[in-house]
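Here are my notes on the model you passed along.

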Amino acid sequence: MRQARRTRRPARVTVVCAALVAGCAGLTGCGGGGEDPDAGTNGVGKLSAAKIQSKTREAAKGADAVRLSGTIVSKGQTYKLDMRLKASGGEGSVTFKGGTFQLLRVGEHLYLKADSGFWKHQDETGGAEGKAGGSAGDRSAAAKLNGKFVKVPAGDPSYQQLSGFTDKDLMLDGTLALHGKLSKGERSDSGTRRVIKIAGDEGAGGTLDVSLEGKPYPLRLQRAGGAGTLRFVEWGKEFVLEEPGKDETVDYGKQLPTQ
């Protein structure tokens with residue numbers, strides 16, 4: 001009887017060990033075989049840098065709206081932006097040469113709003129206040145424009161430049177470009193979601209963080225040549241654009257100064 005019991009115990013131990021080994025084979029943390037870095041993602045991390053860029057442009061174009069903020073350096077001038085954009089227009093703020101103004105575009109109608117300090121500066125540099133009906137020494141014109149929406153005439157030299165800040169497709173086409181040979185970087189965490197980085201000319205041509213969660217939206221762009229950094233949030237988040245009321249607007253005249 002004792003002999004029979006001794007021979008059965010090793011058999012039971014062998015069966016248990018075999019079961020543990022079989023179960024361990026299906027677990028990533030059980031000896032060997034690392035985790036899949038693309039598990040639970042949208043899968044773009046598996047693609048080439050060129051295909052990731054194509055996917056992110058497609059996602060950006062297809063979004064109904066986006067909020068874009070950061071800096072753009074163009075022709076030696078630095079613009080600080082915080083704009084909400086969609087197909088029918090946009091709204092937000094632009095800081096330029098230390099002065100901040102608000103932009104609002106509803107369809108083809110473009111409005112600019114700023115404080116009296118902004119308009120006084122325009123007058124001192126030979127621009128806006130004098131054309132608004134005041135002289136260089138007349139502070140009342142700036143006071144009348146303070147905090148009011150001024151409609152920018154479509155034929156004004158400033159219209160094209162200013163409306164460009166409110167044009168979703170134009171802004172995305174102009175800012176999402178990477179220059180040079182594309183390469184794919186490491187996956188990382190942006191703080192809010194997982195991203196993968198793509199770069200042009202190993203970073204000299206700009207770098208772009210692309211979301212690995214949900215749609216492959218661009219989230220952060222470092223522009224080539226130190227030409228600014230932009231962040232993209234609130235993809236697809238709807239917002240309302242409304243024309244300002246008559247009590248919020250001032251008739252500026254036929255032409256604004258060139259910005």
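1. Ring pairs join Tyr79, Phe96 and Phe165 into a cluster. Rings of Phe, Tyr and Trp (its six-membered ring) pair if their centres lie within 6.5 Å; planes under 30 degrees apart are stacked, over 60 edge-to-face, and the rest tilted. Bear in mind that this is a predicted model, where local features need pLDDT of at least 70, side-chain atom pairs count only at pLDDT 80 or more, and totals for chains, interfaces and linings use all residues. Residues are numbered from 1 along each chain as its sequence is written, and side-chain values use heavy atoms, leaving out hydrogens and water.

2. The whole structure holds 6 aromatic pairs. One of them, Tyr79 with Phe165, is tilted, at 5.4 Å centre to centre and 50 degrees between the planes. Strands (E, at least two residues) and helices (H or I, at least four) are DSSP runs, numbered from the N terminus.

3. Is Phe165 buried or exposed? Its relative accessible area is 9%, so Phe165 is buried; the cut-offs are under 20% for buried, over 50% for exposed and partly exposed in between (1.4 Å probe, protein chains only). Tyr79, at 10%, also counts as buried.

4. Phe232 and Trp235 are stacked, because their ring centres are 6.1 Å apart and their planes at 25 degrees. Phe232 is buried at 1%, and Trp235 at 15%.

5. In helix α6 (residues 157–164), the buried residues are Ser158, Tyr159, Leu162, Ser163 and Gly164.
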